[in-house]
Amino acid sequence: MTRRVAVETAQPYEVVVGHRVMAELESLVPEDALRVAIIHAGPVLGVAEDLAQHLPGREVLLIEAPDGERAKTVEFLAHCWDQLGLRGFTRSDLVIGVGGGATTDLAGFVAASWLRGVRFVTVPTTVLGMVDAAVGGKTGINVAAGKNLVGAFHEPVGVLCDLATLAELPQRELRGGLAEVVKCGFIADSSILDDVEATPERALDPADDLLADLVTRGIAVKARTVAGDLRETGADGSIGREALNYGHTLGHAIERHEKYTLRHGEAISVGMVFVAELAHRSGLIDEALVARHRATLGLVGLPTSYDGASFEELLSGMRLDKKTRGDQLRFVVLDALASPRILAGPDEDVLRASWEAVRG
Ligand SMILES: NC(=O)c1ccc[n+]([C@@H]2O[C@H](COP(=O)([O-])OP(=O)(O)OC[C@H]3O[C@@H](n4cnc5c(N)ncnc54)[C@H](O)[C@@H]3O)[C@@H](O)[C@H]2O)c1
Ligand SMILES: O=C(O)C(=O)C[C@@H](O)[C@H](O)[C@H](O)COP(=O)(O)O
Ligand SMILES: [Zn+2]
């Protein structure tokens with residue numbers, strides 16, 4: 001079964017989810033795109049080659065990205081610019097990102113920055129990429145000061161999630177992807193949590209329909225959220241897109257501290273437990289909801305504690321989070337299940353106590 005989720009932003013596009021949906025690529029590539037650059041992760045070279053078969057009559061340039069976060073560097077970005085320049089890529093040409101979130105974030109930023117913006121398509125091949133990174137147009141790279149600190153909002157013209165590509169995805173990556181799925185459950189659609197909790201082993205089976213269903217429902221949460229607030233301005237007074245950053249303030253600081261050896265999903269899993277503790281200590285949620293964070297994330301094998309850094313080290317990382325305004329840290333917290341809000345400038349004592357609670 002092929003499922004479709006519409007992302008109703010100013011330039012609407014579709015996310016296609018199904019088995020063997022690569023043939024849909026042809027309809028996404030504009031006729032005037034004479035050249036197509038496919039930037040892909042190493043393990044999915046076969047997927048990139050398969051996509052190239054669906055581009056008859058176009059000049060196809062395959063660019064292999066360094067693995068994982070090593071793709072999200074200014075050096076590799078510059079390498080991609082050089083390649084596009086050598087091949088004469090013009091504004092009517094196209095970039096396709098194929099791989100996990102790291103590869104599609106980088107490919108998207110290549111597309112956003114080349115000639116100040118060319119069209120791009122994402123073909124995510126991890127659960128995390130499908131449910132989150134490939135949709136919504138946040139693109140970028142990491143720099144020494146922190147994760148995703150340089151980038152642009154640049155939306156894809158289409159997203160192809162071919163579930164068949166997940167067959168060889170390591171279990172650790174599947175678990176990491178479920179962190180963003182569970183995040184969607186806590187911030188917006190609690191039925192996701194019910195289903196993960198009922199049969200966690202099915203949620204971790206790439207051949208099971210439940211995973212396809214959870215991925216589609218997670219994409220629906222993301223699509224709805226970005227459609228309301230693409231550029232994360234919260235202009236209508238609601239939390240808007242920042243809700244999707246649940247667990248990321250501490251999560252990104254941990255990733256950076258660990259030099260990106262932890263999976264993104266693992267780090268934000270700890271980050272979600274941290275903000276649950278913070279919300280509880282700020283009188284917003286009860287202990288049972290905090291316990292549900294630990295239980296649900298634990299059921300799919302995600303970490304819920306971390307003691308690899310001092311509070312001070314992580315605090316300095318958190319200060320460069322994009323939600324920070326001036327000297328004020330801002331966290332996405334819940335005030336009830338599926339009801340996210342911002343907690344601005346919590347006392348350092350409360351932060352420290354919440355940190356102690358996740359230190360394991
Ligand atoms: N732009 C966004 O909105 C957004 C949202 C969430 C996460 N992200 C970013 O996404 C990144 C994390 O993404 P990720 O978890 O997909 O990690 P990743 O891109 O590092 O991929 C994980 C690993 O799986 C490999 N891989 C990819 N597809 C495979 C397949 N089908 N079979 C076997 N191996 C495969 C990759 O080569 C890599 O080694 C982070 O950089 C995070 O910041 C961005
Ligand atoms: O799409 C969003 O908005 C998100 O916050 C989704 C996150 O899961 C994702 O990791 C994103 O890259 C984080 O964005 P950042 O702005 O904190 O870098
Ligand atoms: Zn994330």
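Tutor: Let's start with helix α4 (residues 101–113), which lies across β3, β4, β5 and β6 and runs at about 170 degrees to β5. Some ground rules: this is a predicted model, where local features need pLDDT of at least 70, side-chain atom pairs count only at pLDDT 80 or more, and totals for chains, interfaces and linings use all residues. Residues are numbered from 1 along each chain as its sequence is written, while chains are lettered from A and ligands numbered from 1 in the order in which they are written. Helices (H or I, at least four residues) and strands (E, at least two) are DSSP runs, numbered from the N terminus; two strands pair if DSSP finds at least two bridges between them.

Now the sheet: it's open, with seven strands in the order β1-β2-β9-β6-β5-β3-β4 and mixed pairing. At the edges sit β1 (3–7) and β4 (59–65), each pairing on one side only. Direction ignored, neighbouring strands are turned by 15 degrees against each other on average. Angles otherwise run from 0 to 180 degrees between N-to-C directions, with axes fitted to C-alpha atoms, for helices over the stretch in contact.

Over at β1, five bridges join this strand to β2 (residues 13–18), and the two run antiparallel. Val7 is the residue opposite Tyr13 of β2. Helix α2 (residues 45–53) packs on the sheet too, touching β3 (35–41), β4, β5 (94–99) and β6 (119–124), with its direction at about 165 degrees to that of β3. Contact here has a cut-off: C-beta atoms, placed from the backbone, within 7 Å.

Technical notes:
Two residues are in contact if their C-beta atoms, placed from the backbone, lie within 7 Å.
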